Amino acid sequence: MKFFLDTANLEEIRAGAEFGLVDGVTTNPSLIAKEGRPMHEHIRAICDIVDGDISAEVVSTTAREMILEGRSLARIHPNVVVKCPLIPEGIKATRALSSEGVRVNVTLCFTPVQALLAAKAGAYIISPFIGRLDDIAASGMDLIRHIVQIYRNYGYPTKVLAASIRGPLHVLEVGLAGAHIATMPYKVFQSLFKHPLTDKGLAAFLADYQKVFQETTVG
Ligand code: E4P
């Protein structure tokens, strides 16, 4: 299972990359705007930190413009994956860009049949948003399960990237459902490490050791 960071913040991306566990980064226009730097320059900076798929989203809404914008984003770096929204024009752009060899991440997916459209258009990645569905009392996890099942039924190569992840339980559940990738905010990535029994157990081990050897370092 791949872990992506869902942030455009370079400090968070650098901190996450230090673990060697970050396989990619997803951004969206809101996340880029938060950093206040032009899109191309910022995406290039992210590509310098993480050697993996880096999603950069188009901000136009007609297929013609999305195709031009997508080509230009793809030229930033070979690791760039162009993100197109799951609207009719976005699906047309996905079909065109994919046929040129540009990898497309189709975003803002909220139903399994939308995911089917993206796969048929040749998307490299589909991004179902689970947290935003949970927020309106629908099941984000059912969405992941249904997409994984449909793609398996027909052998679509499109990767399922669980997006809009809110906490560690989401990461566990999308893993069980068979998502290929989970993209998560840095604070969720940090939360994966945590368990009170780990901290309690380590404190007890070190205290027991110190009682006898009065030292904490090995060697
Ligand atoms: C996906 O790539 C999006 O950037 C993201 O997961 C949206 O998450 P949010 O619902 O927390 O904004």
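## A charge over a ring

In this predicted model, the charged end of Arg-103 lies over the ring of Tyr-124, 4.7 Å from the ring's centre. A charge counts as sitting over a ring if NZ of Lys or CZ of Arg is within 6 Å of the ring centre and within 35 degrees of the ring normal.

Some ground rules apply here: the model is predicted, local features need pLDDT of at least 70, side-chain atom pairs count only at pLDDT 80 or more, and totals for chains, interfaces and linings use all residues. Residues are numbered from 1 along each chain as its sequence is written, and side-chain values use heavy atoms, with hydrogens and water left out.

## Aromatic rings

A pair of aromatic rings is described by the distance of the centres and the angle of the planes. Rings of Phe, Tyr and Trp (its six-membered ring) pair if their centres lie within 6.5 Å, and the count comes to 8 aromatic pairs. One aromatic cluster is formed by Phe-19, Tyr-186, Phe-189 and Phe-193.

## H1 against H3

Now to the helices, which are DSSP runs (H or I, at least four residues), just as strands are runs of E (at least two), numbered from the N terminus. Helix H1 (residues 10-17) and helix H3 (residues 39-49) have axes that come within 10 Å and cross at roughly 15 degrees. Axes are lines fitted to C-alpha atoms, for helices over the stretch in contact, and angles run from 0 to 180 degrees between N-to-C directions. H1 and H3 are therefore roughly parallel, a label for angles under 35 degrees.

Their crossing is right-handed, that is, the near helix is turned clockwise from the far one by less than a right angle. On the H1 side, Leu-10, Ile-13, Arg-14 and Ala-17 meet His-42, Ala-45, Ile-46 and Ile-49 of H3, where contact means heavy atoms within 4.5 Å. These residues divide into 6 nonpolar, 1 polar and 1 charged. Ala, Val, Leu, Ile, Met, Phe, Trp, Tyr, Cys and Pro count as nonpolar, Asp, Glu, Lys and Arg as charged, and the others, Gly among them, as polar.

Helix H8 (residues 140-154) and H9 have axes that come within 9 Å and cross at roughly 20 degrees. That makes H8 roughly parallel to H9, and the crossing is right-handed. Met-141, Ile-144, Arg-145 and Val-148 of H8 meet His-170, Glu-173, Val-174 and Ala-177 of H9. The contact holds 5 nonpolar, 1 polar and 2 charged residues.

Where does Gly-178 lie? Gly-178 is in the loop between helix H9 (168-177) and strand S8 (181-184). Leaving aside residues up to four places away in sequence, Gly-178 touches Val-148 and Arg-152. The C-alpha atoms of Gly-178 and Val-160 are 8.3 Å apart, with the two residues 18 apart along the chain.

Terms used
Parallel < 35°, antiparallel > 145°, perpendicular 65-115°, else oblique. Phe/Tyr/Trp six-rings, centres within 6.5 Å; stacked < 30°, edge-to-face > 60°.
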